[in-house]
Amino acid sequence: MEFFKKFGLAVLAGTGILAALIFYSLNIPDKRSANFVERGVMTVFAPVMKPAARVSGFFEDAWDNYLNLVGVRQENLRMRDEIKGLNARIVAAGETALANQRLERLLGMKNTLKSPVLSVSVIGEDLNSWFRTLVIDQGSSSGIAEGMAVVAADGVVGQIVKVASNTSRVLLLTDHTSGIAATIQRSRARGVVKGKGEGLCSLEFTTREEDVKVGDVVITSGIGGVFLKGIPIGEVTMVKRGEYGIFQTVIIKPLVRLAHLEEALVVLKVPND
Amino acid sequence: MIRNAVAVVALVLAVVLQTSVLPVHVAGSFKPDLLLVAMVFVALRGPVVQGALLAWVLGLIKDVFSGLYLGLNAFSFLIIFLIITSISDLLYAESGELFVVTVSAATLACVTANLILLIMLTSTPGIAYSMFAALLPHLLSNAFAASLVTLLPVFSSPQEVL
């Protein structure tokens, strides 16, 4: 009894250690299978471990997301700036491509003209809706003079009317005061194309006997010396022959889209030359 | 001096806006006549002699950028200015509504005067049709421009302009 009081704790510890060692050694051969202790503990902890793992995962995700979010705002702002820049470049590229197409067509017209020409840009329109004039960015300092013809890729635009040193005004062929000697390309019927406002013209002084049909192309006749012969003016959209009168009514739609004109060519040839 | 400089800058801006900026963004006939609006403003709030000269100059500037006939709008503006000035003492010139109505009436008067002068002195067949076709949009856009002018600080200022 005295022995147990003196060495009890050591004996118990030794026994425990020995038991643990035996337990360990007994389980070594069957190390891949769960014994009853393992199964029991696993079974007991399973219902707790699953939700705990989910909650832990949630907090882990939340933390990760928060950490990511700190950078995402900066990244978002940077990417927005990049998108803006890219969009601007796309728009500029599209605009350049369109300008290239327009200028290419204008160059085609330039090559067909036998006189020197000057490329100009439209910088303004008439202040009133009932007059049809444009302001262009070149003037007398570039050799422009009153009376010179103005053409675009699709055909006639009008005539120079008022010239300053660095700007000029163009009287469009649709203005009420405009008149251009013209010919029907198919039948060679002659007349004068006069402006009617509202984006249309009429072919005046064409007698009833002349052969004019809807769809005919009207070109400059060269008479008068302002416009070179053969430049397209427009297309006949209506022909009306009344019972009386010696002339027929012919309405023409200009081939050039005057409302959206941006570039044009001034033929550097004074009409009296 | 500063007020005159501001007036000149405003005038240049109005012309540039009307010739180069608005036509790109505003449909065909809906072009406000900012010079006419300015002239009406001066007629209601400015001195007679300098105002008359300015009205004529405003019309002349408009002629430089419009049509072929220099002096057409200058004459119309001067006549309209004198008519408005002659009755401006009877009117409550600080009223925004009155300003819009006066600009609308001045628009009608200007188109009528232009038409009469064009028919009498020039050969512009068919111009009457174009003017009548554009009249309503022109009238509406001028009234709208006038209503915007009433929002400017200079409009609510009791001081006489010029």
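Visitor: Which residues touch the most other members of the largest nonpolar core?
Guide: This is a predicted model, so what I describe is computed from it. The largest nonpolar core has 48 residues, and Val151(A), Val157(A) and Ala264(A) touch the most other members. Strand β4 of chain A, residues 155-163, gives the largest share of this core, with 5 residues. Apart from it lies another core, of 34 residues, which includes Val103(B), Ala106(B), Val111(B) and Leu118(B).

Visitor: What makes Ala264(A) count as touching residues such as Val120(A)?
Guide: Two residues are in contact if their C-beta atoms, placed from the backbone, lie within 7 Å. Leaving aside residues up to four places away in sequence, Ala264(A) touches Val120(A), Val122(A), Ile136(A), Val150(A), Val151(A), Ala152(A) and Val157(A).

Visitor: Why is chain A called more spread out than a compact globule?
Guide: For 273 residues the globule rule gives 19 Å, whereas the radius of gyration of chain A is 46 Å, well over that value, and chain A is therefore more spread out than a compact globule. Its C-alpha atoms fill a box of roughly 150 × 50 × 35 Å, taken along the principal axes. The secondary structure of chain A comes to 2 helices and 12 strands, and 30% of its 273 residues count as buried.

Visitor: What makes helix α6 of chain B a kinked helix, and where does the kink lie?
Guide: The bend at a residue is the angle between axes fitted to the seven residues ending there and the seven starting there. In α6(B), residues 127-149, a kink of about 45° lies at Leu135(B), shortly before the proline Pro137(B).

Visitor: Which residues of α6(B) are called buried, and what covers them?
Guide: A residue is buried if 20 or more other C-beta atoms lie within 10 Å of its own. In α6(B) the buried residues are Ile127(B), Ser130(B), Met131(B), Ala134(B), His138(B), Ser141(B), Asn142(B), Ala145(B) and Ala146(B). What covers them includes β7 (190-197) of chain A, together with α2 (34-45) and α5 (96-121) of chain B.

Visitor: How many residues of chain B are in contact with chain A?
Guide: There are 22 residues of chain B in contact with 18 residues of chain A. To the side of chain B that touches chain A, α6(B) gives the most, with 6 residues. The residues of that side divide into 8 nonpolar, 11 polar and 3 charged.

Notes
Residues are numbered from 1 along each chain as its sequence is written. Chains are lettered from A and ligands numbered from 1 in the order in which they are written. This is a predicted model: local features need pLDDT of at least 70, side-chain atom pairs count only at pLDDT 80 or more; totals for chains, interfaces and linings use all residues. A nonpolar core is a set of buried Ala, Val, Leu, Ile, Met, Phe, Trp, Tyr and Cys residues joined through C-beta atoms within 7 Å. A residue is buried if 20 or more other C-beta atoms lie within 10 Å of its own, exposed if 12 or fewer, and partly exposed in between; C-beta atoms are placed from the backbone. Helices (H or I, at least four residues) and strands (E, at least two) are DSSP runs, numbered from the N terminus. Ala, Val, Leu, Ile, Met, Phe, Trp, Tyr, Cys and Pro count as nonpolar, Asp, Glu, Lys and Arg as charged, and the others, Gly among them, as polar. The radius of gyration is taken over C-alpha atoms; the globule rule is 2.2 Å times the number of residues to the power 0.38.
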